[in-house]
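Welcome, and thanks for taking a look at this one. Please open the structure below and keep the viewer at hand while you read.

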Amino acid sequence: MFLKALLLALVPVALAANFNITVGANNGLTFTPTQVSADIGDTLTFIFVSKNHTSTTTTFSGAVCPPPAGGVGLHGWDSGFLPATATDTPTFVYTVVDYEPHFAACMQGAGSHCRAGMTFALNPTAELTYAQFNANAEAS
Ligand SMILES: *[C@@H]1O[C@H](CO)[C@@H](O)[C@H](O)[C@H]1NC(C)=O
Ligand SMILES: *[C@@H]1O[C@H](CO)[C@@H](O)[C@H](O)[C@H]1NC(C)=O
Ligand SMILES: [Cu+2]
């Protein structure tokens with residue numbers, strides 16, 4: 001019994017990782033970092049530190065900005081508007097459920113934040129890069 005418990009304790013476990021993404025650092029229209037590569041079960045914690053922003057999935061190209069309420073795609077997300085104050089920096093946690101690329105942006109200002117580069121990518125690929133997504137957002 002003791003031996004079995006000991007052996008179980010020694011089995012390596014793939015621990016889920018958490019990635020913090022700061023939203024609106026230094027009062028900017030930014031996600032920091034702009035992209036994350038994560039495994040299923042990992043979490044993204046968006047920490048809203050200024051103004052009034054969202055983290056909402058959208059399309060890679062075409063009508064990128066603004067993202068629609070509810071977000072785009074199977075396993076997309078939408079934090080809703082999360083205004084920060086001097087004493088409250090709200091968070092939104094998303095648990096990764098697939099290895100698909102997901103592209104997100106802020107909904108605020110009818111897409112003006114998104115077009116200003118307030119964009120983020122989860123698991124971008126060699127073909128669907130963060131840089132191209134952000135360029136598509138700025139042009140949308
Ligand atoms: C994520 O943010 C939380 C809350 O601010 C902090 O406690 C934690 O250390 C941060 N984790 C990483 C990996 O930066
Ligand atoms: C945040 O922005 C949304 C959309 O513009 C607005 O409806 C909401 O009232 C704002 N919240 C605050 C506290 O300013
Ligand atoms: Cu914003």
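Leaving aside neighbours within four places in sequence, which residues is Thr45 in contact with? They are Asn18, Phe19, Asn20, Ile21, Thr91, Phe92 and Val93, where contact means heavy atoms within 4.5 Å.

## Ground rules

This is a predicted model, in which local features need pLDDT of at least 70 and side-chain atom pairs count only at pLDDT 80 or more, while totals for chains, interfaces and linings use all residues. Residues are numbered from 1 along each chain as its sequence is written, chains are lettered from A and ligands numbered from 1 in the order in which they are written, and side-chain values use heavy atoms, with hydrogens and water left out.

## The chain as a whole

The chain holds three helices and 10 strands. Both kinds of element are DSSP runs numbered from the N terminus: helices are H or I with at least four residues, strands are E with at least two. Reading along the sequence gives the pattern α-β-β-β-β-β-β-β-β-β-α-β-α. Taken along the principal axes, the C-alpha atoms fill a box of roughly 60 × 40 × 25 Å.

Of the 140 residues, 39% count as buried; buried means under 20% relative accessible area, exposed over 50%, and partly exposed in between (1.4 Å probe, protein chains only). Among contacts with a separation of 6 or more, 65% are between residues 24 or more positions apart.

Thr45 counts as buried because its relative accessible area is 13%. Its side chain makes a polar contact of 2.8 Å with the side chain of Asn18. A polar contact is a pair of N or O atoms within 3.5 Å; within protein, one must be able to donate a hydrogen and the other to accept it, and residues adjacent in sequence count only if both atoms are side-chain atoms. Ile47 also lies in β4. Not counting residues up to four places away in sequence, Ile47 touches Asn20, Ile21, Thr22, Val23, Thr89, Pro90 and Thr91.

Strand β4 (residues 43-48) runs antiparallel to β8, joined by five bridges; two strands pair if DSSP finds at least two bridges between them. Within this pairing, Leu44 stands opposite Tyr94. In a regular strand the side chains alternate between the two faces of the sheet.

## The four-stranded sheet

An open sheet with mixed pairing is formed by four strands in the order β3-β10-β9-β6. Its edge strands are β3 (35-36) and β6, each pairing on one side only. Strand β9 (residues 102-105) pairs with β6 in the antiparallel sense over three bridges, and with strand β10 (residues 119-122), also antiparallel, over four bridges. Phe103 of β9 stands opposite Thr58 and opposite Ala121 in β10, while Ala104 is the bridge partner of Thr57. Both faces of β9 are covered, with His102 and Ala104 buried on one side and Phe103 and Ala105 buried on the other.

Is Thr58 buried or exposed? Thr58, in strand β6 (residues 56-58), is buried because its relative accessible area is 6%. A polar atom of the Thr58 side chain lies 2.6 Å from the backbone oxygen of Val64. Beyond four places in sequence, the contacts of Thr58 include Pro67, Val72, Ala105 and Phe133.

## Around ligand 2

Which residues are around ligand 2? They are Asn52, Phe81, Pro83 and Gln108, each having a heavy atom within 4 Å of the ligand. The protein covers 37% of the 360 Å² of accessible area that ligand 2 has on its own. A polar side-chain atom of Asn52 lies 2.4 Å from an oxygen atom of the ligand, and an N or O atom in the side chain of Gln108 is 2.8 Å from an oxygen atom of ligand 2.

Methods: Accessible areas come from the Shrake-Rupley method with a 1.4 Å probe; for residues, only the protein chains shown count as cover.
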